Every structure is written in C-alpha cells, then in structure tokens.
Amino acid sequence: MSRKGMLLALFPLVTFTSCATISPEMVKAERTSYNAIAPDYLKYVNSDATLSIDQKVSRNSLVQSWDAQIKKLEDKVK
C-alpha cells in the first residue's frame, strides 16, 4: 500500500468517532482495520531513511492516537 493509501486508510476513524450511535460491529471493524494497517505502516515509517525524526514521531503518534480512540470505543460498547 502506498503512503497516501495508508494515510487515507486512517480517515474512517475521524468519521467513525463522530457518529452518534456506535455499534460493536463498527468498533470491531475499526480494530480489524487498525490491526491490518498499523503494523506495516509503522514498519514503513520506522525504516524510511527519508523521514526526519519529527516526521517519524508524528506518524507514530498518529497511530497511537488511532489505537487509543479504538480502545475508548471498545470500552463504550462492552
């Protein structure tokens, strides 16, 4: 997946977390997306010699934030 594709894949979280009603299925789907995308994306980020330290930190923080948002949603639908 391209860099742009990986970043666009993170977009559903913004829309997802703004929904008034959150179903367990939606949260499960978001976790599945995270599990499919985040490991490879972080591998790319951390190994890309063209990215500065600040860029790497920013991208790692984005993924951590995505995970934290999913965890909050998982707690809400338990």
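Analyst: This is a predicted model. From the N terminus on, the elements of the protein chain run α-α-α-α. That is 4 helices and 0 strands. Of the 78 residues in the chain, 29% are buried.

User: What share of the contacts between residues at least 6 apart in sequence join residues at least 24 apart?

Analyst: The share is 64%. Contact here means heavy atoms within 4.5 Å.

User: How do you know what span to expect for H4?

Analyst: Take 1.5 Å times one less than the number of residues. H4 has 24 residues, and the expected value is 34 Å. From first C-alpha to last, H4 reaches 35 Å, which is close to that.

User: What makes H3 and H4 roughly antiparallel or roughly parallel?

Analyst: The angle decides. The axes of H3 (residues 24–47) and H4 cross at roughly 165 degrees, and they come within 10 Å. Angles over 145 degrees count as roughly antiparallel. Therefore H3 is roughly antiparallel to H4. The crossing of H3 past H4 is left-handed.

User: Which residues make the contact between H3 and H4?

Analyst: From H3, they include Val27, Arg31, Tyr34, Ile37, Ala38 and Leu42. From H4, they include Lys56, Asn60, Val63, Trp66, Asp67 and Ile70. By type, the residues of this contact divide into 11 nonpolar, 3 polar and 7 charged.

User: Why is Asp67 called buried?

Analyst: Its relative accessible area is 14%. Buried means under 20%. So Asp67 is buried. Asp67 lies in helix H4. Not counting residues up to four places away in sequence, Asp67 touches Arg31 and Tyr34.

User: Which other residues of H4 are buried?

Analyst: Besides Asp67, the buried residues in H4 are Lys56, Asn60, Val63, Trp66, Ile70 and Leu73.

User: Why can residues three or four places apart point the same way?

Analyst: An α-helix has 3.6 residues a turn, so residues at that spacing point the same way.

User: Why is Leu62 called partly exposed?

Analyst: The relative accessibility of Leu62 is 37%. Buried needs a value under 20%, and exposed needs one over 50%. The value falls in between, so Leu62 counts as partly exposed. Leu62 is found in helix H4, which covers residues 53–76.

User: How far apart are Leu62 and Ala38 in sequence and in space?

Analyst: In sequence, they are 24 residues apart. In space, the distance is 10.0 Å from C-alpha to C-alpha.

Technical notes. Residues are numbered from 1 along each chain as its sequence is written. This is a predicted model: local features need pLDDT of at least 70, side-chain atom pairs count only at pLDDT 80 or more; totals for chains, interfaces and linings use all residues. Side-chain values use heavy atoms; hydrogens and water are left out. Helices (H or I, at least four residues) and strands (E, at least two) are DSSP runs, numbered from the N terminus. Buried means under 20% relative accessible area, exposed over 50%, partly exposed in between (1.4 Å probe, protein chains only). Axes are lines fitted to C-alpha atoms, for helices over the stretch in contact, and angles run from 0 to 180 degrees between N-to-C directions. Angles under 35 degrees count as roughly parallel, over 145 as roughly antiparallel, 65 to 115 as roughly perpendicular and the rest as oblique. A crossing is left-handed if the near helix is turned anticlockwise from the far one by less than a right angle, and right-handed if clockwise. Ala, Val, Leu, Ile, Met, Phe, Trp, Tyr, Cys and Pro count as nonpolar, Asp, Glu, Lys and Arg as charged, and the others, Gly among them, as polar.
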